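Visitor: I'm new to this one. Could you show me how to read a few of its features?

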Amino acid sequence: MMRPMMNPHSQAVREALYADSALGIGNFLFKVLEQDVDREGVLFSLEQPFATPRGTCFEQLSLTDLYRAVAELAAWYQQLGVRAGEIVLTYTGEGISQFLHFLALTSLGAIPAPVNCNMRPDIVLLYHRKYRFDWLVYDRHAQSAELARLAAGQRGIHACDGADPSLPAQPEGDWPMQYRHDVTVMICHSSGTTGVPKAVLFGHQQFFHGKRERLLQFWQADRERMLSALPHSHSAGVSYLMTAVLLGMPTRVLTHLTSPALADEIAAFEPSVMAGFSQSYAALAEAHPRDNAFPSLRRFFNTGDTAHETHIRALLEAAPEAAFHDGFGASELGMALFSKVSRRGRIATGRCVGRPVPFARARIEDDLGRVLPQGEIGYIAVQSPTITAGYFLDDSLTARCRRPEGYWLTGDVGYLDTDGAFVHLDRAVDVIHSARGPVYTLQLEETVLRQCQVDDITVVGVPLSPRRCEMVVALLRPTAARAVVLCHEVAAVLAASLPADVPYTVVNLSADAELPTGATGKALKRVIRDRFWQDLNQYRRGDRDTYQYVLQVRSDSDTLTLKRPMQMLEAKKTLEAEKAKLIAKLQSHPFLTRCRAGQASLDELKYFLVQQGHYSGYFTRYLCAMMANLPSNVEVFELAENLFEELGFAGSDETPHYLLYRKMLTDFGLSLESPAPNPATLGLIDAMFAHCRDPQPSVGLAALCLGAEALVPAMYADIIAGFEAHGVEAETIRFFHLHVQCDDGHAETIENILVEMVEKDSSQLEVIIAAGHALVDARRDFFTAVEQAYSPSAEQAVASV
């Protein structure tokens with residue numbers, strides 16, 4: 001049963017906590033419990049319930065519940081033998097779990113080292129061994145079985161997934177640990193985008209600096225609620241849940257951070273604040289929420305990588321009263337130390353990350369450590385009391401990152417603009433070293449997202465060995481219907497953005513392909529780089545498991561074929577324009593005009609059904625005849641889905657299309673036995689076969705695309721209108737409804753192949769257009785014959801069927 005949400009802490013309580021100099025990341029829960037606060041109202045609402053080692057299960061947590069859960073978990077750790085000062089790697093499921101393990105371990109004086117549950121188990125074990133942690137504890141989640149298998153027989157590795165009511169309810173002795181100095185209280189891993197993650201140290205006071213101000217400044221309205229879509233193994237996840245405890249702010253703690261259900265979670269919980277990484281905001285924006293879908297939201301907080309401008313814009317349309325606080329930070333910085341704020345109609349543009357927060361300073365350095373003036377590109381260096389003490393067991397890396405006067409090199413490239421704001425161009429390791437100078441991947445991604453209708457894009461540099469320079473590769477998320485035209489649109493943007501002669505490739509990923517990502521969801525660009533040539537070779541051999549479509553653009557001196565994206569885009573636009581003309585030409589026929597107006601008789605429509613059945617009964621044979629003339633197995637593979645769907649071999653539970661048509665005929669009391677195909681129907685069949693058998697493959701492809709598949713949605717929509725005028729139910733004519741929904745995709749597949757053919761031989765465009773008109777003319781003759789069949793004798797023939 002849902003209990004009432006907790007009452008927020010009073011202003012007096014928040015001021016008392018603010019004034020407590022001993023308050024920090026290691027003791028905040030117990031400091032709050034010393035105050036006069038609401039202990040029974042719900043503080044944390046959990047998407048995923050949590051069970052303690054004693055078997056106590058929580059779906060919601062009040063402060064009393066939180067204390068109990070932490071005490072039971074701490075007692076289990078004490079029974080296990082964990083002591084103060086020991087380091088415990090916690091590999092537990094997403095949600096509240098990591099936060100509770102963190103609180104339990106710090107209450108004992110032990111040091112938690114939380115690891116994201118999405119990290120591969122083999123990498124977890126490498127991380128554990130590299131840094132010689134004392135313990136590894138895991139619970140039941142998607143990766144835990146594999147970890148248990150890999151770690152079998154190893155000491156110090158334990159599962160926390162039992163339920164033993166006999167365990168103590170609270171640790172023995174002097175508990176909890178008292179913190180008075182800035183000792184290490186947590187070790188968090190970096191994103192791991194460059195290899196085995198680095199281990200970053202967090203101190204009791206160091207990590208709390210900057211969060212203390214939230215006690216007086218974060219609460220802004222009478223009613224505040226937060227939704228946390230952060231990874232709670234990350235320092236940012238710990239930080240925002242700690243903020244909820246310090247303020248008494250009811251918070252929904254999510255387990256599925258990039259789920260399509262994010263919008264539903266917001267609608268149900270009605271938060272005023274949402275905290276997340278850019279990946280969660282990208283997923284939310286890509287769900288295309290309607291305007292004003294989130295009226296309760298007043299503040300978005302993004303930390304880690306800056307969010308893309310197009311995603312921010314979409315979210316502020318969905319939450320028009322909200323401000324989007326886009327923070328730029330890293331684990332090593334302790335928190336987001338740059339911030340910019342966007343509102344609806346006032347979006348902070350480009351890769352600008354804003355100015356440093358009041359207690360931080362920043363500058364741009366060159367390779368020699370010299371400070372650069374405004375406008376010059378170099379390495380971002382930051383000075384702040386929140387910055388980590390360093391990397392655990394890696395003094396040399398710490399020394400390389402720490403600059404004079406306490407500045408820390410973040411590993412990012414950028415510059416200071418004329419307004420005094422910092423612009424983040426890229427991670428230093430991701431900068432592309434082209435033959436014409438550096439190319440910045442994040443800047444290119446932002447440019448493409450702003451100018452093209454893509455949900456997301458990843459840009460990497462791929463070595464052109466044995467040369468040292470790199471090629472630009474842009475990888476797009478799957479887009480079922482617009483793959484080719486979208487690749488050409490992106491290529492056109494790249495052509496305008498890149499220096500002359502810099503080669504580039506645009507890849508549309510296959511529907512089931514996923515880019516390799518790190519534990520926090522960041523794209524592993526080094527892995528993408530390493531795999532590119534292998535994946536490209538598989539694509540060239542006809543394998544579409546990873547790449548659905550590849551557009552390579554090379555300099556004239558290169559040995560590979562030169563592609564011209566602007567010309568290709570024009571070819572695509574020309575075919576689209578011709579398709580629109582052909583649809584209009586077909587729909588202007590009196591038969592379809594009368595269907596739309598509800599004036600075609602039911603008997604006339606039944607006659608159409610029989611004649612259409614004669615024609616469509618050959619459809620798989622049209623496909624096979626045309627596929628026999630295709631130039632390679634690549635095109636055959638792309639069209640196989642259509643063939644399999646027609647035959648019922650598509651691997652779904654859908655009834656094969658030919659059976660749907662047969663059932664529709666039966667429901668109308670019709671049969672293909674009579675009436676026989678009329679001369680115009682035979683003419684349409686012969687025209688389609690003649691085109692599909694033509695040794696020039698573009699002829700058959702054009703006939704099936706511009707003369708059939710591309711026409712189907714519009715043509716069948718008119719037929720549906722004709723039947724609906726006679727009260728025919730949708731289920732009876734389900735065949736037509738299904739094809740209105742799905743045939744656009746089939747036509748797009750064929751059209752993409754046609755565009756590639758035009759790319760190789762521009763004269764094919766005239767051949768393609770001529771074939772489309774020939775089939776539309778044959779189809780118009782078919783409709784004329786349907787109308788002419790309605791002499792009295794024809795009506796009697798239909799009635800006798």
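Predicted model: local features only at pLDDT ≥ 70, side-chain atom pairs only at ≥ 80, totals over all residues.

Visitor: How many salt bridges does a search of the whole structure find?

Guide: A salt bridge here is a side-chain nitrogen of Lys or Arg within 4 Å of a carboxyl oxygen of Asp or Glu. The search turns up 30 of them. One of them joins R351 and E446, at 3.5 Å from N to O. R351 sits in the loop between β14 (336–343) and β15 (352–356) while E446 is in helix α13 (residues 441–451), so this pair ties together parts that are 95 residues apart in sequence. Helices (H or I, at least four residues) and strands (E, at least two) are DSSP runs, numbered from the N terminus.

Visitor: Are R351 and E446 buried or exposed?

Guide: Buried means under 20% relative accessible area, exposed means over 50%, and partly exposed is in between (1.4 Å probe, protein chains only). R351 and E446 are both buried.

Visitor: Which residues are linked with R363 in a network of salt bridges?

Guide: The network links R363 with E365, R403 and E405. Within it, the closest N and O atoms of E365 and R363 are 2.9 Å apart, and both of these residues are buried.

Visitor: And what do the side chains of K585 and D777 do?

Guide: They meet in a salt bridge, 2.8 Å from N to O. K585 belongs to helix α16 (residues 565–587) and D777 to helix α26 (residues 764–788), so the pair ties together parts that are 192 residues apart in sequence. K585 is partly exposed at 25% relative accessibility, and D777 is partly exposed too, at 35%.

Visitor: What should I look for in the backbone?

Guide: Most residues other than glycine have a negative phi, and most peptide bonds are trans. Here, the bond from W175 to P176 is cis, with omega near 5°, and P176 lies in the loop between β6 (157–159) and β7 (184–189). Another cis bond joins S674 and P675, with omega about 0°.

Visitor: What about R132's phi?

Guide: R132 isn't a glycine, yet its phi is positive, about 55°. You'll find R132 in the loop between α5 (121–130) and β5 (135–138), exposed at 62% relative accessible area.

Technical notes:
Residues numbered from 1 in each chain as written. Heavy atoms only, no water.
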